[in-house]
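Please look over the sequence and the model before reading on.

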Amino acid sequence: MDRQHLFLIGFMGVGKSTVARVLCERLGLPLIETDARIEAAQGMTITELFRRSGEACFRDLETALLQDLSREAPAVVSCGGGIVLRPGNVRRMKESGSILLLTASPEHILRRVSGNTTRPILNGNMNLDHIRALMERRMPAYLAAADLRISTDGKPVAEIVSEILSALSPL
Ligand code: S3P
């Protein structure tokens with residue numbers, strides 16, 4: 001399989017969707033949001049899905065979606081923050097594209113996610129300690145998966161996107 005998609009990974013609230021929207025315009029590629037695809041296919045929100053069927057079921061749907069995506073035309077794929085938790089998912093992404101990691105400090109993340117109740121992983125745990133601990137736990141998987149890593153802290157979207165575009169050319 002040729003390398004084709006550009007997968008955006010990173011912690012919840014890092015700005016994957018916002019960056020992906022601008023990036024796909026600049027690259028002339030369609031945008032795929034893994035969470036939105038799963039919600040549309042299941043006819044319910046991620047929150048409802050977690051409540052009714054549990055996290056493992058959601059993770060299975062992410063894995064199945066990644067398999068389907070390897071047959072789709074090149075796109076910018078904005079991924080749910082936990083997609084790297086399964087090594088098989090990372091292998092699949094690497095087979096079908098490049099992986100771009102967006103990072104931000106836990107403080108920055110908290111500012112972006114607080115007040116939002118659509119993330120079951122953070123509901124009831126919307127605090128800096130939890131975010132910091134979860135980020136530390138996940139960071140090795142994010143770093144191992146990434147072909148490219150961009151820090152977003154304090155940067156406007158336009159600056160993040162131009163950084164990505166100049167870094168992408170050698171990939
Ligand atoms: C999750 C991140 C969410 C969504 C789900 C689980 C996670 O996506 O896939 O709530 O485990 O990090 P965002 O990263 O877009 O918030």
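In what order do the elements of the protein chain run from the N terminus on? The order is β-α-β-α-α-α-β-α-β-α-α-β-α, and the secondary structure of the chain comes to eight helices and five strands. Here helices (H or I, at least four residues) and strands (E, at least two) are DSSP runs, numbered from the N terminus. The model is predicted, so local features need pLDDT of at least 70 and side-chain atom pairs count only at pLDDT 80 or more, while totals for chains, interfaces and linings use all residues. Residues are numbered from 1 along each chain as its sequence is written, and side-chain values use heavy atoms, with hydrogens and water left out.

Along its principal axes, the C-alpha trace of the protein chain spans about 40 × 35 × 25 Å. With 171 residues, a compact globule would have a radius of gyration near 16 Å, and the 15 Å of the protein chain agrees with this. That radius is taken over C-alpha atoms, and the globule rule is 2.2 Å times the number of residues to the power 0.38.

| Helix pair | Angle | Distance between axes |
|---|---|---|
| α3 (residues 46-53) and α4 (residues 55-69) | about 125° | 7 Å |
| α2 and α4 | about 105° | 10 Å |

Axes are lines fitted to C-alpha atoms, for helices over the stretch in contact, and angles run from 0 to 180 degrees between N-to-C directions. Angles under 35 degrees count as roughly parallel, over 145 as roughly antiparallel, 65 to 115 as roughly perpendicular and the rest as oblique. An angle of about 125° therefore makes α3 oblique to α4. In this pair, Ile46, Leu49, Phe50 and Ser53 of α3 meet Glu55, Cys57, Phe58 and Leu61 of α4, where contact means heavy atoms within 4.5 Å. For α2, the angle of about 105° makes the helix roughly perpendicular to α4. Thr34, Asp35, Arg37, Ile38 and Gln42 in α2 meet residues of α4, including Phe58 and Leu61.

Grid points are joined across faces, edges and corners, and a volume is the space filled by probe spheres set on the points.

The largest pocket has a volume of about 580 Å³. Of the 29 residues that line this pocket, the closest to its centre are Met12, Asp35, Gly80, Thr118 and Arg119.

The largest cavity has a volume of about 40 Å³. Its lining includes Gly10, Phe11, Met135 and Tyr142, and β4 (97-103) and α7 (128-145) each supply at least two of the lining residues.

How values were computed
1 Å grid on protein atoms, 1.4 Å probe; cavity = no way out; pocket = protein on both sides within 12 Å on 5 of 7 lines; lining within 4 Å.
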